[in-house]
Amino acid sequence: MIGAKVSLKKAEEVKKFIINKGLLLNDYWMVRLKNGVIFPVKKKFEKTNVEFVSRVFKKIEKRQNWKQILKKKLSKKEFDILKTAHDVVGSIAILEIPDELKKKEKLIAETLLKANKNVKTVLKKAGEHSGTFRTQKMKWLAGEKTKETIHKENNVRLKVNVKEIYFSARLSTERKRIMKQIRRGVKILVMFSGCAPYPCVFSKNTDAYKIVGIEINPKAHRYAEENVRINKLNNVELILGDVKKVVPNLKERFDRICMPLPRGGENFLKEALMVSKKNTVIHFYDFLHKTEFDKAEEKVKKACDKTNIKCKFLDFVKCGQYSPGKYRICLDFRVIAGI
Ligand SMILES: C[S@@+](CC[C@H](N)C(=O)[O-])C[C@H]1O[C@@H](n2cnc3c(N)ncnc32)[C@H](O)[C@@H]1O
């Protein structure tokens, strides 16, 4: 094979030239030398600073997309009903497999495992999120037999157990959205903090003074404590308990309050308002169908009216789809008077 050898200084310029002329052998790795590189090329060409050498190059192994592989292994009918969208939390892939494909679930999982080198375990959702802890049953299908992993998002590492606690990797964009609004020196309350993804992301990426998280699931609380340690954070305080009981005993008020409990979150608006002050911003989550989006404002208004608090609605965002037509939404509002 022909190699085009160049010094490190000229490597970028020569690489551009080779690519533009269509001379690069795309399927082979280039070779890095101490002071230069050797590009695999189709033929010799005229260019200063290039020395041609004879060399064997390593082939780039291209992993096939798992959907393409499965298309060949399943019947057309089976492939059409397969839900190929899946979640990846750390090294765990979580699939949704329709009942009609139960007999093929191992094959599907093993195909996904082989095709994605970052995936070490494949699980299947075996139920909906349920109960106070909002956990979801999982069935192991392939790879390492574990439900625990380290997930990276927004500059933090989060240790999670996808069966024992609630965690959604899909909410990273929403966490970033709020993170960007956080000003220096503020106090933040995260109700329903789970394994602390919101507190960790806020603490790591902002100059907040303090972040308090409240979580009722003891296992999630333990993971939260570990995540604060893993990320070396020193302004996060975690409280194990029920928001209803903990908040009335808090001796402080907050500049920003997150309420990431979309199912039934309105039952805790009273507690959020209890520890608000003038200008506190509250992020209220809900699951709503697109035909009933105005219900979010109604719920907030009702809670504010009960305590004679005035608020101003700031923003309304869709931050995930729950089912056809139904969304996870966040209504941001500011407390403006009555506190
Ligand atoms: C939808 S999950 C969100 C968890 C976390 N904020 C996240 O985004 O990964 C809701 C969390 O609220 C917790 N929870 C439910 N009711 C609670 C309550 N009354 N007080 C404190 N935590 C509660 C659940 O255990 C669960 O971890």
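Author: A word first: this is a predicted model. Let us begin with Glu164, whose side chain is joined to that of Lys219 by a polar contact of 3.1 Å.

Reader: Where does Glu164 lie, and which residues is it in contact with, leaving aside neighbours within four places in sequence?

Author: Glu164 sits in the loop between β10 (156-161) and α5. Leaving aside neighbours within four places in sequence, its contacts are Thr135, Asn217 and Lys219.

Reader: Is Glu164 buried, partly exposed or exposed?

Author: The relative accessibility of Glu164 is 28%. Buried means under 20% and exposed means over 50%. Glu164 therefore counts as partly exposed.

Reader: How far apart in space are Glu164 and Ile108, C-alpha to C-alpha?

Author: Along the sequence, Glu164 and Ile108 are 56 residues apart. In space, C-alpha to C-alpha, the separation of Glu164 and Ile108 is 25 Å.

Reader: What is the hand of the crossing of α5 and α6, and which residues make the contact?

Author: The crossing in which α5 passes α6 is right-handed. From α5 the contact uses Glu174, Arg175, Ile178 and Met179. From α6 it uses Pro197, Tyr198, Val201, Phe202 and Asn205.

Reader: How many residues of each class are in the contact of α5 with α6?

Author: Sorted by class, the contact of α5 with α6 includes 2 charged residues and 1 polar residue. The nonpolar residues in the contact of α5 with α6 number 6.

Reader: How many residues of α6 are buried, and which are they?

Author: α6 has 9 residues, of which 7 are buried, so α6 is largely enclosed by the rest of the structure. The buried residues are Pro197, Tyr198, Pro199, Cys200, Val201, Phe202 and Ser203.

Reader: What are the packing angle and the axis separation of α2 and α4?

Author: Helix α2 runs over residues 66-73, and helix α4 over residues 105-115. The crossing of α2 and α4 is right-handed. The angle is about 145 degrees, and the axes of α2 and α4 are 9 Å apart.

Reader: Which residues of α2 and α4 meet, and what classes do they fall in?

Author: Trp66, Ile69, Leu70 and Lys73 belong to the α2 side. On the α4 side are Leu107, Ile108, Thr111, Leu112 and Ala115. By class, the contact of α2 with α4 has 7 nonpolar, 1 polar and 1 charged residues.

Reader: Turn to His283. Is it buried or exposed, and which side chain makes a polar contact with its side chain?

Author: His283 lies in strand β15 (residues 281-289). Its relative accessible area is 0%, so His283 is buried. Not counting residues up to four places away in sequence, His283 touches residues including Ile178, Gln181, Cys258 and Leu331. At 2.9 Å, the side chain in polar contact with that of His283 belongs to Arg256.

Reader: What is the phi of Arg134, and is the residue buried or exposed?

Author: Arg134 is in the loop between β7 (121-125) and β8 (138-143). Most residues other than glycine have a negative phi. Phi of Arg134 is positive, near 55 degrees. With a relative accessible area of 17%, Arg134 is buried.

Reader: What about Asn308: what is its phi, and is it buried or exposed?

Author: Asn308 is found in the loop between α10 (295-306) and β16 (310-323). Phi of Asn308 is near 55 degrees, a positive value in a residue other than glycine. Its relative accessible area is 64%, so Asn308 is exposed.

Reader: Last, Lys59. Where is it, and which residues does it touch, not counting those up to four places away in sequence?

Author: Lys59 is placed in the loop between β4 (51-54) and α2. At a relative accessible area of 46%, Lys59 is partly exposed. Not counting residues up to four places away in sequence, Lys59 touches Asp27, Tyr28 and Trp29.

Notes: Residues are numbered from 1 along each chain as its sequence is written. This is a predicted model: local features need pLDDT of at least 70, side-chain atom pairs count only at pLDDT 80 or more; totals for chains, interfaces and linings use all residues. Side-chain values use heavy atoms; hydrogens and water are left out. A crossing is left-handed if the near helix is turned anticlockwise from the far one by less than a right angle, and right-handed if clockwise. Helices (H or I, at least four residues) and strands (E, at least two) are DSSP runs, numbered from the N terminus. Contact means heavy atoms within 4.5 Å. Ala, Val, Leu, Ile, Met, Phe, Trp, Tyr, Cys and Pro count as nonpolar, Asp, Glu, Lys and Arg as charged, and the others, Gly among them, as polar. Buried means under 20% relative accessible area, exposed over 50%, partly exposed in between (1.4 Å probe, protein chains only). A polar contact is a pair of N or O atoms within 3.5 Å; within protein, one must be able to donate a hydrogen and the other to accept it, and residues adjacent in sequence count only if both atoms are side-chain atoms. Axes are lines fitted to C-alpha atoms, for helices over the stretch in contact, and angles run from 0 to 180 degrees between N-to-C directions.
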